[in-house]
Amino acid sequence: MADSARVVIIGGGVVGTSALYHLAKAGWTDCLLLEKNELTAGSTWHAAGNVPTFSSSWSIMNMQRYSAELYRGLGEAVDYPMNYHVTGSVRLGHTQERLREFQRVVGMGRYQGMDLAIMAPDEIKTRYPFLETHDLTGALYDPNDGDIDPAQLTQALAKGARDMGARIDRFRPVTSARRENGEWVLDTPKGEVRCEVVVNAAGYYAARVGAMFGRRVPMMVMSHQYLLFDTIPELEAWSKETGRKLPLLRDVDSSYYLRQEKHGFNLGPYENPCRAHWATPDDPMPDDFSFQLYPDDLDRLEWHITDAMARVPLLEKANLQKVINGPIPYTPDGNPLIGPMPGVPNAFEACVFTFGICQGGGAGKVLAEWITEGATEWDMWSCDPRRFTGHEDHDYCVAKGMEVYGHEYAIHFPHYAWPAGRGQKLSPNNDRLIALGAQFGPYNGWERANWFARPGDDTSGAAQQTWRREGPWFNAVKAECEAVRDGVGVLDLPGFSRFDLTGAGAAAWLDARISGKLPRVGRISLAYFPDVKGRIVTEMSVIRHAPDHFTLITAATAQAHDFEWLAQDLAPGLSLVDHTDAFSTLIVTGPQTRALLTKLTDADLTLPWLTHQSAQVAGKPAQLLRVSFAGELGWEVHATPKDMPTIYAAILDAGATPFGMFALNSLRIEKGYRAWKGDLSTDYTLLQGGLDRFIDWSKDFRGKAALAAEKQSGVSKRFVLLTIDAGDCDPAYMSTLWHNGQVVGETTSGYFGHRTGQCIALGMLRHDLTEPGTAIEVEIFGQRYPATVQPDGPLWDPGNERLRA
């Protein structure tokens, strides 16, 4: 049977049907969903069906909020009966650090229009009368939380998609895929299917489907159990008296949820130690696990069951009725994969959902936007498949998946680096860094020094788990920043993403994709790449070696994203080569840098800012770039990994002080330098981002029309630099800005500036409040602190005299 469709979705769970539904809503009705068994046969079938909106990620909160809003009206919209109980939820806190996490999420939720609230311990029983509260610090209440029947949700989405003209073919597995004449040809037992676009929505089978396209999907599979308890007379009586169910209870510090199920309970722990499945040769993944479960394994849940019974003594009276133990897929960071399939044309991923029910509605919206518009409304880097770049082998995925599962409800503190799966990529200077006391963090798998511990500094993991500014790193980072301010600092920076662009016409091709001007030969410039809506896709440093020869340097984490952005429409005859692994980098910076390097190099150190040259450093060939992200006189030194230890040792021996990424963050924020996927993202246009000076209106470039229209109508909000009279914490990403009792913007990054001695934030503020000196407030963990809008420029060395010295 020959068949064809514009889009084929592989996988019939809640995410696959949501993608089909949203594509049809967007007018793409020539879409076909292929399911190897019956709809919901995978993780959707045994999912508990909780629908929280809570997330510490702005984009995932957006996605989950959208899902909850969609589900409330879906049954009526598609004329399909659905059991959706909006019960609200109570999320318990045992510590002040947990309450700060709650306060941050309340602020984010308020900005998204959600009425989240913090409850004091004596208020909690008004929502949940059967609870022991003696040891709690408080709780977060979400009125929109609840639970839904996953099978009914999936069938409702499927019916809605079919009613709009989309098709679903069950019991039709895809067995292989090939590219032919610009199309995908999918083999099935019922014949071939040809399509323009294919979507991998295969859940815990996503790795097998991905392999058909030459894609190694970074994932593993966990065993997750939840327990169903029989009717409890007291609970039944309370529900009949009040006419409602108990709120969904989450004891996040004890790592479980407890949900009323009819007149009994559903208890779902996230235990540690936990169990991975299909992870070893003696436990292979079966060809078909549809509508199947693992054997019960309750011994590892004993602590959580006992703790839940102590928290809600009513649970002790319940009889255990059933145990559900099924497979749940995990990526190495616990977030799903939604977006372009890396390296594969006209292919997308919508898979590896750990919380597919609450995220499925929003995922369908996001995936449909990727396919039909080429971009998403919200910046979805948190879920973009290109955030993983290939070092995530099987053992890494298993180790990280188990770490995420065992800490499912853990607080993600800003200075804590999770320990599993470390050491993937090591700097050529790694041994010397260890000897110097480096405390490492992973950056696209590369181990970089975050800070350098001194004798007596507490380097334990527990000490790093705090929101407070003055953690054990604080004084060490202060000293590193002062060394850069007063002398010379050196930062070992392996893993800069580096691409070489060559070929006749390379300059013209690149010029049409950036908003500003190309540098002259021998010079460097910062370039911004807008999308068709004028939004900030990425920034790169452009080094021009010859008229049509460029090196493009970008963030370590942007490696796969930015290479694909460049390669997607590369002109014939041009060459784009990833040289990331061929070089390593040092930042050497501070007012005494020229004097130090003079002893080590034959380079012309009088060349001005934003120039580059080849030279010998410590007798080794290197490329010197006259730039500094720290905002002081300085150079980047680029050399091969083989030669870098000699160069690094020589610079240290000449008197430079090693500094780390925490110090760099402090130094860059004082200069107002933006960071990618925080201050720079597709949530903002170039004009909103204050990047007007990087726009050349005299030429044509992608996004120019949208930016011109925005310029004429006026920007709604604008990038600002703020100083804050903060308490003991710096503002987190997406902290809310207030003025006269109204929400007027958000922070995009915040940190303490050690040269200026001030807490500083970068952010987006309503355009009429951006005048320097304007007084506003920044909400930091539920409390508002006075802040002042600063002039448009650096706080440190505003005239860039030190930088250009």
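1. The largest cavity is lined by Q103, R104, G107, M108, M734, S735, T736, E779, F781 and G782. A cavity here is a set of points on a 1 Å grid over the protein atoms alone where a 1.4 Å probe fits but cannot get out, and lining residues have an atom within 4 Å of a point. The model is predicted: local features need pLDDT of at least 70, side-chain atom pairs count only at pLDDT 80 or more, and totals for chains, interfaces and linings use all residues. Residues are numbered from 1 along each chain as its sequence is written, and side-chain values use heavy atoms, with hydrogens and water left out.

2. The volume of the largest cavity is about 50 Å³. Helix α4 (residues 96-111) contributes the most to its lining, with four residues; helices are DSSP runs of H or I of at least four residues, and strands are E runs of at least two. The lining comprises three nonpolar, five polar and two charged residues.

3. The second largest cavity has about 40 Å³, and H415, R469, W473, F474, V477, D730, Y751, F752 and H754 line it. Two or more of these residues come from each of α14 (474-486) and β35 (742-753). By class, five are nonpolar, two polar and two charged.

4. The buried residues are Q559, A560, H561, D562, E564, W565 and L566.

5. E373 belongs to helix α10 (residues 356-373). Leaving aside residues up to four places away in sequence, E373 touches A368 and K533 (heavy atoms within 4.5 Å).

Notes: Buried < 20%, exposed > 50% of the residue type's maximum accessible area, 1.4 Å probe, protein only. 1 Å grid on protein atoms, 1.4 Å probe; cavity = no way out; pocket = protein on both sides within 12 Å on 5 of 7 lines; lining within 4 Å. Points joined across faces, edges and corners; volume = space filled by probe spheres on them. Nonpolar A, V, L, I, M, F, W, Y, C, P; charged D, E, K, R; others polar.
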